[in-house]
Amino acid sequence: LFVDAALAAGAALSVDGAQAHYLLAVMRAKPGAPVRLFDDRSGEWLATVTEAGRRSLTLTVDAHLAPREAVPDLWLCAAPIKRGRIDWVAEKATELGVARLVPVATRRTVVDRLNADRLRAHMVEAAEQCERTALPELAPLTPLAALLAAWPGGRALYFADEEGGAPLAGVARPGAAAILIGPEGGFTAEERTAIRAVPDAVAVSLGPRILRADTAAVAAVALWMAAAGD
Ligand code: SAM
């Protein structure tokens with residue numbers, strides 16, 4: 001379970017809400033039950049249930065199990081899409097191991113606000129489910145022009161271009177990288193020109209079919225991870 005506080009041996013924690021429901025109703029946790037925790041800072045810890053109420057529990061942290069995991073340095077930069085679909089992308093990107101999710105506002109982006117708390121909750125739940133001990137960072141909604149203007153030199157920018165490019169699996173390289181996915185309506189011609197002008201940009205194809213934006217994001221991360229992640 002994720003705990004949004006620095007963990008340390010001997011610390012007592014109270015757990016309520018959805019996490020308590022999971023422990024009490026799904027795992028049937030009783031006093032003495034072991035629970036694994038992570039805090040996204042120091043890694044994974046073993047704790048024990050010391051009290052179990054009807055809707056809340058108390059846990060005591062026992063021992064450090066493992067340091068925070070190292071994830072491949074991959075960012076997913078994607079135009080936000082409709083509610084539900086962006087949640088699904090955040091969940092799957094977390095499971096697949098991205099380090100950072102950057103929602104990007106483009107000319108044809110139809111969603112202009114993001115519920116960061118909801119997105120983060122999906123990411124936490126996905127990390128718990130797949131036993132990640134490092135949460136991806138969630139960047140604020142960033143205009144495409146600002147993202148490109150401040151592009152960190154040396155970070156490969158794999159730009160998924162439905163008009164063609166090198167197959168991603170063939171050009172993906174380990175190291176600092178990002179995948180850029182457009183909105184439902186695609187990038188405009190001016191945006192495509194601006195992206196291609198970034199020295200680290202590589203136009204890539206995800207295959208002969210035009211994928212929906214959410215499918216494209218998840219497929220691209222999976223392809224990069226298979227070719228260059230670990
Ligand atoms: N431009 C298209 C249109 O208006 O019909 C659709 C855009 S597509 C639904 C959304 C995004 O997914 C694209 O901007 C691109 O980044 C990515 N994408 C989808 N299929 C792709 C493919 N086969 N190769 C590369 N990128 C793809």
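Into which domains is the protein chain divided? The answer is domain 1 (12-66) and domain 2 (74-228), with bounds that come from an automatic or database domain assignment. Before you zoom in, please note that this is a predicted model, in which local features need pLDDT of at least 70, side-chain atom pairs count only at pLDDT 80 or more, and totals for chains, interfaces and linings use all residues. Residues are numbered from 1 along each chain as its sequence is written.

**View 1. The two domains.** The C-alpha centres of domain 1 and domain 2 lie 33 Å apart.

View 2. Strands are DSSP runs of E with at least two residues, while helices are runs of H or I with at least four, numbered from the N terminus. Two strands pair if DSSP finds at least two bridges between them. Strand β2 (residues 34-38) runs antiparallel to strand β3 (residues 44-52), joined by five bridges, and V35 has A47 as its bridge partner in β3. Five residues lie between β2 and β3 in their hairpin, where D40 in the turn has a positive phi of about 65 degrees. Next, β3 pairs with strand β4 (residues 57-66) in the antiparallel sense over eight bridges. Here A52 stands opposite L57 in β4, and the β3 and β4 hairpin has four residues between its strands.

View 3. β5 runs parallel to strand β11 (residues 177-181) through five bridges, with A177 as the bridge partner of L74.

**View 4. The nonpolar cores.** A nonpolar core is a set of buried Ala, Val, Leu, Ile, Met, Phe, Trp, Tyr and Cys residues joined through C-beta atoms within 7 Å. The largest holds 47 residues, of which L76, Y158, I179, A217, A220 and V221 touch the most other members. Helix α7 (residues 213-228) gives this core its largest share, eight residues. Another core lies apart from it, with 12 residues, among them L23, V35, W45 and L57.

**View 5. Around the ligand.** Of the 18 residues around the ligand, A160, G182, G186, L206 and A216 come nearest; a residue counts as near if its C-beta atom, placed from the backbone, lies within 6 Å of the molecule.

Key
Buried ≥ 20, exposed ≤ 12 C-beta atoms within 10 Å, placed from the backbone.
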